[in-house]
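Here's a quick briefing to read with the structure open beside you. Have a look at the fold first, then work through the points by topic.

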Amino acid sequence: MKKAKKQRPGWDEYFIGIAKAVSTRATCLRRQYGAVITKDNIIVSTGYNGAPSGMKDCLEVSQCTRKELQIPHGERYELCHSVHAEANAIIRASVDELKGATIYIAGVDDGRNECSAEPCMMCKRMILNSRIAKVVYSDGNKGFVVVNPKKWLKKRV
């Protein structure tokens with residue numbers, strides 16, 4: 001009897017899984033996101049959404065201003081106390097590590113349901129400026145989307 005060959009996940013699936021694990025460190029009450037930056041399939045940086053270093057986070061104070069004001073997802077980020085996962089991952093990597101790299105982003109909502117992790121406009125600008133070459137984010141339906149960030153330049157971001 002021949003043993004079935006074990007299937008390994010592809011790199012994108014593998015690193016999206018790690019981004020999901022990173023999201024468990026997030027301190028946001030509303031949504032938890034994780035980001036992983038890789039170059040040549042080696043992790044160079046990770047980040048999750050949460051308050052800046054030294055500031056009390058939403059978990060500590062049990063308060064989310066945007067949630068209390070019932071602000072829809074994707075709006076009024078200036079009221080949020082968190083730094084986004086993508087931004088935290090980008091600031092932890094060097095310029096050389098970022099150029100030509102891939103960023104993986106995954107997230108869940110406060111009910112622990114997978115949600116779309118498409119970067120916001122500000123994070124898209126940071127990704128473009130950091131010269132990351134590929135973006136892979138969870139689509140909210142157990143799959144993922146692969147994007148060349150240069151496509152964002154066709155629209156004003």
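The buried residues of α6 pack against α4, α5 (95-98), β3 and β5. Those residues are Cys 123, Lys 124, Ile 127, Leu 128 and Ser 130, in a helix that spans residues 121-130. Here "buried" means under 20% relative accessible area, with exposed over 50% and partly exposed in between (1.4 Å probe, protein chains only). Helices (H or I, at least four residues) and strands (E, at least two) are DSSP runs, numbered from the N terminus.

Keep in mind that this is a predicted model, where local features need pLDDT of at least 70, side-chain atom pairs count only at pLDDT 80 or more, and totals for chains, interfaces and linings use all residues. Residues are numbered from 1 along each chain as its sequence is written, and side-chain values use heavy atoms, with hydrogens and water left out.

**The end of α6**
- Just past α6, Arg 131 has a positive phi of about 70°.

**Strand β3**
- β3 pairs with β1 in the antiparallel sense over 8 bridges; two strands count as paired if DSSP finds at least two bridges between them.
- With strand β4 (residues 114-115), β3 pairs in the antiparallel sense over 2 bridges, and Val 108 has Glu 114 as its bridge partner.
- The hairpin of β3 and β4 has 4 residues between the strands, and in that hairpin Arg 112 takes a positive phi near 65°.

- β1 and β2 run antiparallel, joined by 6 bridges, with Ile 43 in β2 as the bridge partner of Thr 38.
- There are 2 residues between the strands in the β1 and β2 hairpin, where Asp 40 takes a positive phi near 55°.

**Nonpolar cores**
- A nonpolar core is a set of buried Ala, Val, Leu, Ile, Met, Phe, Trp, Tyr and Cys residues joined through side-chain atoms within 4.5 Å.
- The largest one has 20 residues, and Ile 37, Ile 103, Ile 105, Ile 127, Ile 132 and Val 135 touch the most other members.
- β1, α4, β3, α6 and β5 each put at least two residues into this core.
- Another core lies apart from it, with 8 residues that include Phe 15, Ile 16, Val 22 and Val 36.
- Leaving out residues up to four places away in sequence, Ile 37 has contacts (heavy atoms within 4.5 Å) that include Ile 42, Val 44, Ala 89, Leu 98, Ile 103 and Ile 132.

**Pockets**
- On a 1 Å grid over the protein atoms alone, a pocket is an open set of points where a 1.4 Å probe fits, with protein on both sides within 12 Å along at least five of seven lines; lining residues have an atom within 4 Å of a point.
- The largest pocket holds about 370 Å³ of space, where a volume is the space filled by probe spheres set on the points, which are joined across faces, edges and corners.
- Its lining has 26 residues, with Tyr 33, Arg 66, His 73, Tyr 77 and His 84 nearest the centre of this largest pocket.
- β1 (31-39), α3 (65-68) and α4 (85-91) each supply at least two residues of that lining.
- The second largest pocket has a volume of about 250 Å³.
- Of the 16 residues lining the second largest pocket, Tyr 48, Ala 51, Ser 53, Asn 88 and Arg 92 are closest to its centre.
- β2 gives the most to the lining of the second largest pocket, with 3 residues.

**Lys 20**
- Lys 20 sits in helix α1 (residues 11-23) and, at 35% relative accessibility, counts as partly exposed.
- Leaving aside neighbours within four places in sequence, Lys 20 is in contact with Ala 106 and Glu 114.
- The C-alpha atoms of Lys 20 and Gly 34 are separated by 5.9 Å, although these residues are 14 apart along the chain.
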